[in-house]
Amino acid sequence: MALLQIAEPGQSAAPHEHKLAVGIDLGTTNSLVATVRSGLAVVLNDELGRSLLPSVVRYDADGSVQVGFEPQKRQAQDPKNTIASVKRFMGRGRHDIAHLESIPYDFVDAPGMVKLRTVAGVKSPIEVSAEILKALRVRAEAALAGELVGAVITVPAYFDDAQRQATKDAAKLAGINVLRLLNEPTAAAIAYGLDNAAEGVYAVYDLGGGTFDISILLLSKGVFEVLAAGGDSALGGDDFDHRIFCWILEEAKVSPLSSGDSRLLLTRAREAKEYLTYHAEAPITARLSTGELVDLTLTTEIFNEITQTLVMKTIQPVKKALRDAGLSASDIKGVVMVGGATRMPQIQRAVGEYFRREPLNNLDPDKVVAIGAATQANLLAGNRAAGDDWLLLDVIPLSLGLETMGGIVEKVIPRNSTIPSARAQEFTTFKDGQTAMAIHVVQGERELVSDCRSLARFELRGIPPMVAGAARIRVTFQVDADGLLAVSAREMTSGVEASVTVKPSYGLSDDEIASMLKDSMAHAKDDAFMRALRETQVEAERLIEAVQAAMSQDGELLSDDERGRVERAITKLQAAVAGDNRRHLTLAMDDLEAETKEFAARRMDKSIKKALAGRRVDELGNGLEAKGERA
Amino acid sequence: MTITLTEKAAKHVANYIAKRGKGVGLRLGVRTSGCSGMAYKLEFADELSPDDITFQSHGVTVLVDPKSLPYLEGTELDYAREGLNEGFKFNNPNVKDACGCGESFNV
């Protein structure tokens with residue numbers, strides 16, 4: 001008999017139609033999977049009741065793959081085939097990875113992303129991550145007794161498009177449908193229900209085993225926006241263990257140590273650190289292989305003293321992130337603590353003192369990201385309670401648009417639009433008989449293409465020849481839930497189509513986004529002027545084009561004198577187009593229009609005469625009527 | 001006749017309702033769908049409707065609509081763990097046969 005979960009009122013699923021969705025915290029050191037059961041987000045444990053899955057993958061010569069605790073334990077024995085912290089290589093080229101030479105893996109340089117040579121063949125970071133995700137999927141499907149509809153996977157806020165795409169690819173490879181990638185700090189904020197809290201700015205302080213991240217989030221209308229992110233990729237709980245380890249060596253006056261003794265003392269150090277979270281002092285005893293006995297007591301005071309510099313090292317990036325966001329500590333409405341290392345009382349105290357408020361810490365800091373992801377997955381899968389109609393949305397950080405004549409940006413999706421988002425706009429041809437159109441996709445807030453960031457270019461070919469302005473080209477911008485952009489163009493009468501998906505290597509860091517935004521504000525006035533100038537220039541070019549076409553067609557309608565005047569007006573206008581004086585330009589345009597007024601009237605007469613020639617009046621009546629009906 | 005919860009089930013229900021922050025009890029019911037005729041309904045209840053028949057079991061209020069009651073009479077709701085999976089289980093004496101998975105049944 002199937003095991004059932006309690007649904008929200010009116011939401012009981014039909015048999016076999018339970019929408020099973022999970023949240024996955026794909027971490028550098030450890031990963032977790034969580035789901036919502038009977039309205040409550042819970043982390044799913046393995047058979048032994050362990051919630052964490054070490055993000056370690058081991059490849060064997062026979063092709064078998066192990067993930068988790070077993071490979072983690074045997075890491076030292078077979079470092080080349082035991083891949084840990086693969087998240088650091090996701091979507092990264094060789095030059096992107098710091099200290100590559102000190103990492104024990106056999107790297108293979110591949111275009112775009114490094115690969116690792118193992119006994120089971122060359123593996124990309126995507127394949128390694130997929131093994132971790134697969135293990136989590138198997139765990140989730142066993143725990144939920146069914147197939148997953150999809151998963152929300154968390155990524156660091158600073159992950160660029162390439163890293164996000166790599167994460168999505170890994171999920172696909174693991175057979176997981178990604179409902180959405182979610183920023184880790186946003187997930188933590190959701191776990192604390194901040195998405196339903198008051199609007200304002202929140203900080204997420206994430207001190208994990210080996211990395212430290214600080215994110216400043218702005219919540220408005222249920223949408224989280226990352227204002228600034230920072231951190232230290234080589235600072236974490238492990239460093240605190242190491243400080244205690246060094247203290248033990250000093251106090252016990254033991255050295256040098258065998259590697260077994262080092263491991264033993266590091267373990268004792270970690271245990272003492274954890275013990276001090278709830279006690280004033282921690283006993284440390286160990287019998288070394290040399291027979292020496294280590295027997296010490298670590299007090300909270302000493303622990304605080306030897307780790308004070310580490311604590312301060314986390315506050316520096318916090319200050320910087322606030323500065324980047326243009327805020328001060330007093331602007332922060334709440335601080336969320338994430339990562340096991342934030343259990344340490346001195347961390348809680350330092351963060352509390354800096355922000356002058358009690359940090360949010362009543363959820364398990366190891367699980368908070370996975371729990372937020374599960375909450376989001378449950379909503380995205382459609383398991384929504386009545387009246388619970390909010391949906392967390394991320395936003396597009398910079399406007400997306402395309403280049404139009406004159407190098408002007410036409411914004412198609414404005415900044416801060418919620419994603420997923422799709423918008424279409426119609427464009428037309430500029431010249432008679434134009435059969436191709438270049439589409440240049442740009443990102444940014446400025447009015448001119450040259451000041452924005454170029455994302456992609458493609459061409460729409462095979463437009464049937466028509467007069468300028470008759471073709472209808474529908475350009476659709478589509479940003480999926482993960483912020484990846486697809487642009488397609490379609491000529492509506494003939495149906496010819498072309499499209500492009502923006503290459504993920506164009507990711508921008510938050511810093512770059514911030515500076516692009518600042519620029520757009522600083523240059524708002526210049527930009528508006530330039531845009532008006534360019535628009536007038538394009539208008540003038542169009543006029544010249546039209547007059548020249550008319551002259552070659554109906555030149556006999558002009559006397560030599562008239563033709564000379566029109567030609568002079570054209571030359572004058574051409575000179576004005578090349579300059580940057582908008583007033584001269586409009587005057588020259590007015591001149592040309594005045595000179596050609598009579599010419600236009602004569603052309604009109606000529607074409608009417610042509611249409612009427614040789615036709616009876618009653619025929620014309622019918623013809624006009626038929627035309628009227630059609631219109 | 002009555003509908004009951006095992007002590008374990010009641011503990012879980014009480015916990016879920018407390019964490020959810022609202023709700024007057026647990027609604028049980030059946031509806032006619034599924035591969036074998038009927039399917040169970042198991043939901044939080046935010047309000048009592050006038051027709052509801054209520055039962056008290058280990059401190060939890062159980063609500064059943066009168067149309068569902070004949071199919072559920074004598075049912076005991078248990079909380080069970082099967083491997084990694086866990087959830088609620090209907091021990092319903094009225095069931096004659098169920099589909100393979102037990103999510104729908106006949107009386």
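**Stop 1: a hairpin in chain B**

Select strand β4 (residues 53-57) of chain B and strand β5(B): five bridges join them, and the two run antiparallel. The model you have open is predicted: local features need pLDDT of at least 70, side-chain atom pairs count only at pLDDT 80 or more, and totals for chains, interfaces and linings use all residues. Residues are numbered from 1 along each chain as its sequence is written, while chains are lettered from A and ligands numbered from 1 in the order in which they are written.

Some terms for the tour. Helices (H or I, at least four residues) and strands (E, at least two) are DSSP runs, numbered from the N terminus. Strands pair if DSSP finds at least two bridges between the two of them.

Now pick B:T54. Its opposite residue in β5(B) is B:L63. Next, go to the turn of this hairpin. Two residues lie between β4(B) and β5(B), and B:H58 takes a positive phi near 50° in the hairpin.

Which strand pairs with β5 (residues 60-64) of chain B in the parallel sense? Select β2 (residues 25-31) of chain B: three bridges connect these two strands. Click B:L26, and you will find its bridge partner B:V62 in β5(B).

**Stop 2: all of chain B**

Zoom out to chain B. It has two helices and nine strands. Follow the chain from the N terminus, and the elements run β-α-β-β-β-β-α-β-β-β-β.

How many of the 107 residues are buried? The share is 36%. A residue is buried if 20 or more other C-beta atoms lie within 10 Å of its own, exposed if 12 or fewer, and partly exposed in between, with C-beta atoms placed from the backbone.

Contacts come next. Two residues are in contact if their C-beta atoms, placed from the backbone, lie within 7 Å. Take the chain B contacts between residues at least 6 apart in sequence: 55% of them join residues at least 24 apart.

**Stop 3: all of chain A**

Switch to chain A. Here you have 14 helices and 28 strands. Of its 631 residues, 41% count as buried. Among contacts between residues at least 6 apart in sequence in chain A, 68% join residues at least 24 apart.

**Stop 4: a sheet with a helix on it**

Select β5, β6 and β7 of chain A. The three strands form an open sheet in the order β6-β5-β7, with antiparallel pairing. The edge strands are β6 (65-67) and β7 (82-84) of chain A, each pairing on one side only. Neighbouring strands of the sheet are turned by 20° against each other on average, direction ignored.

Look at strand β5 (residues 56-59) of chain A: three bridges join it to β7(A). A:V56 stands opposite A:A84 in β7(A).

**Stop 5**

Axes are lines fitted to C-alpha atoms, for helices over the stretch in contact, and angles run from 0 to 180 degrees between N-to-C directions.

Show side chains where the helices meet. From α2(A), select residues including A:P125, A:I126 and A:L133; from α3(A), select residues including A:A166, A:A170 and A:L173. By class, this contact has eight nonpolar, two polar and two charged residues. Ala, Val, Leu, Ile, Met, Phe, Trp, Tyr, Cys and Pro count as nonpolar, Asp, Glu, Lys and Arg as charged, and the others, Gly among them, as polar.

**Stop 5: loops of chain A**

Go to A:A145, in the loop between α2 and β11 (150-155) of chain A. Its phi is near 50°, a positive value in a residue other than glycine. Is A:A145 buried or partly exposed? It counts as partly exposed, because it has 17 C-beta neighbours inside 10 Å.

Next, select A:K253, in the loop between α5 (237-252) and α6 (259-276) of chain A. Phi of A:K253 is also positive, near 50°. With 8 C-beta neighbours inside 10 Å, A:K253 counts as exposed.

End at A:T435, in the loop between β23 (421-427) and β24 (436-443) of chain A. A:T435 has 16 C-beta neighbours inside 10 Å, so it counts as partly exposed. Leaving aside neighbours within four places in sequence, A:T435 is in contact with A:R461, A:G462, A:I463 and A:P465. Last, find A:A471: A:T435 is 36 residues from it in sequence and 9.5 Å from it in space, C-alpha to C-alpha.
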